[in-house]
Protein chains: 2
Amino acid sequence: MNSSATSVLPSGLSATQATPARGEEDALTSLMAQVGGDLEACNRTIVAHMDSPVALIPQLAAHIVAAGGKRLRPLLTLASARLCGYPGAADGERHIRLAACVEFIHTATLLHDDVVDESVLRRGLASANAVFGNKASVLVGDFLFARAFQLMVADGSLSVLSILSQTAATIAEGEVLQLVTQNDLSTPDARYLEVIKGKTAALFSAACQVGAVVADRPVAEEMALANYGMNLGIAFQLVDDALDYTADQAKLGKTVGDDFREGKITLPVLVAYRAGDAAERAFWRRTIEASEQADADLDEALRLMARRNAISETLVRAAHFASVAKRTLDVFPESRLRRTLADVADYTVSRGR
Amino acid sequence: MNSSATSVLPSGLSATQATPARGEEDALTSLMAQVGGDLEACNRTIVAHMDSPVALIPQLAAHIVAAGGKRLRPLLTLASARLCGYPGAADGERHIRLAACVEFIHTATLLHDDVVDESVLRRGLASANAVFGNKASVLVGDFLFARAFQLMVADGSLSVLSILSQTAATIAEGEVLQLVTQNDLSTPDARYLEVIKGKTAALFSAACQVGAVVADRPVAEEMALANYGMNLGIAFQLVDDALDYTADQAKLGKTVGDDFREGKITLPVLVAYRAGDAAERAFWRRTIEASEQADADLDEALRLMARRNAISETLVRAAHFASVAKRTLDVFPESRLRRTLADVADYTVSRGR
């Protein structure tokens, strides 16, 4: 046990304990414990700033924001700022406000994603569009996006505004590219990677980078954290794409097989399609490209993925990106928080097992 | 004739000529002529910055941005900056870039509006959502919104960022409030006014205010232009709401009666409903509140509006706001551009006649 005297972790929740699966799952718990006070302050900031005289806005926002989620992105901002020594002697709160910005941008994209994907479940609950309608989801997404920029303006850093406005554009580009590749089995891996970098990893990257910016650290540390976030985000989305075929619905918090039904091009499908024989390829072309699906097709898809090791191949690639993410942290001196961030990379992959 | 030697207007298109209807309609032509070079530069900036490696983005954006429209909002930014003496000796271009930001924000909201309203026509052409689908329209709207903020960050003024991020939040609030009041004939006028201030006038106001900010003018001038834009925008939307019942489709550039079919609460409906007898009120409750409409109902709505002077009452109110807009310009010394901006307020109302 290496939990220090200052640890707020319950005994036995050290970030570096021996049992990998459990230790990795606990990485998030450890991270939350180490920046717990900041996260609570961030949650208060989120609730305070999603208010509006138009009552439907906080109602709908609360449905998605307050419904929980892991708060992984704001956690990354808070932890990155701490890793960079912020706040120092002064009791700075910029990282808290900017972590809230990151969560607002994430929430805005979730609202629009669920409209675009016609999702009915989100984090195990009815999605906002299913409860409040597509129109309100689009508009409240716009509101949260604008509110994020208002918060950044109040913070006053043009560097932060530059990073997050660029990220917002990149997210939209990734989402549009995903729309364009839908149903297209000839999508190269590189294009799929561009999609997940845009729609997911860019915000992970920005969330981490912003932590270094508020701490006013040298560009090498800023870039290290940006790269950590980018590789972590890619790993995270690869695992998400695997889970869409393998998780049980309660664990996933959304409908299993959504990607399949939408004809979304993800790595498990690309691997299974390319490794398949003629009959298998015909199956994928019918179900994904022509969108002709019968009830039993999802089970058949899972069977073919198992035959072609498509899920395990996806997880191997995720593990590669997670390992790159961990290495980028080497620029920082050894610390409990650095170890925990490395464990978070492992946790990201272990979710898929 | 008062066209000066430097005028780029064709002979006979002076902004102050005597015939009101014609003169007012020419106000926009005169405005375009006076800031014509700036507007062309702004259009080039718009086209350059809506580019993306994801080809669907410039394709969809071009459909709506390049399809024209009056460019009224960027024109207001350009004219306001000039009215404030910007650029002075130096050949500044900030107003051009910020005018492009204003148009991007406007375009993003149009894309999302058309999805929310399920519109099929926009500026006389098939709407982007009708051609490219709702999903792409939502996402490209997000992209243009993010791109607007990237341009503002490149400009580097936190004042401008503050004004336009606040405006973006206000627009979303106005749109959500409109959604909430839909089908509700008990909506008070004040609430309807909040809706149109939010969804339309706020951006007119910001467009003008930003012109004063780049010129670094005293707060009195900044506020005067903000108020000019706010009152102009209210007048503009009141007339739009009248035109939705009276214009011919070719002139309106969108489907006549859209507001009626959607059960949108606008002043013509509120006036006709409140002034109506029992039978008329029953008609409005059936068609607007219960959304039960037959083919002949739009004609009946127009007949009842005529009987209760609902359109003329709406235009009288628009004229009031236009006249307030004109008075706010008194803080500026007499000039051709000031007169043209005053004429633009009259033009806004004369569109409805």
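Helix α16 of chain B, residues 310-328, has 19 residues and should span 27 Å at 1.5 Å a residue; its end C-alpha atoms lie 28 Å apart, which agrees. The model is predicted, and the predictor gives the complex an ipTM of 0.90 and a pTM of 0.90. Chain A can be laid on chain B by a turn of 180° with an RMSD of 0.0 Å.

**Helix α16 of chain B**
- The buried residues of α16(B) are B:A310, B:I311, B:T314, B:L315, B:R317, B:A318, B:F321, B:A322, B:A325, B:K326 and B:T328.
- These buried residues pack against four helices of chain B: α10 (219-246), α13 (267-275), α15 and α17 (336-350).

**A residue of helix α15**
- Helix α15 of chain B covers residues 297-307 and holds B:L302.
- B:L302 counts as partly exposed because it has 19 C-beta neighbours inside 10 Å, while a buried residue needs 20 or more.
- B:L302 and B:C208 are 94 residues apart along the chain, and their C-alpha atoms are separated by 35 Å.

**Nonpolar core**
- The largest nonpolar core has 237 residues, and A:A235 and B:A235 have the most contacts inside it.
- Leaving out residues up to four places away in sequence, A:A235 touches A:A318, A:F321, A:A322, A:A325, A:A345, A:T348 and A:V349.
- In soluble globular proteins, nonpolar side chains tend to be buried together.

**Contact between the chains**
- Chain A and chain B each give 35 residues to the contact.
- On the side of chain A that touches chain B, the elements giving two or more residues are α3 (56-65), α5 (94-117), α7 (134-155) and α8 (158-181).
- Helix α8(A) gives the most to this side, with 14 residues.
- By type, the residues on this side of chain A are 23 nonpolar, seven polar and five charged.

**Symmetry**

**Confidence**
- The average pLDDT of chain A is 88, and 88% of the residues score at least 70.
- Residues 1-21 of chain A have a pLDDT below 50, and this stretch has 25 contacts in the model beyond near neighbours in sequence.
- Where pLDDT is low, the predicted coordinates should not be read in detail.

Methods
Residues numbered from 1 in each chain as written. Chains lettered and ligands numbered in written order. Predicted model: local features only at pLDDT ≥ 70, side-chain atom pairs only at ≥ 80, totals over all residues. Contact = placed C-beta atoms within 7 Å. Nonpolar A, V, L, I, M, F, W, Y, C, P; charged D, E, K, R; others polar. Least-squares fit on C-alpha atoms with pLDDT ≥ 70 in both. Core = buried A, V, L, I, M, F, W, Y, C linked by C-beta atoms within 7 Å. Buried ≥ 20, exposed ≤ 12 C-beta atoms within 10 Å, placed from the backbone. pLDDT = per-residue confidence, 0-100. Expected span 1.5 Å × (residues − 1).
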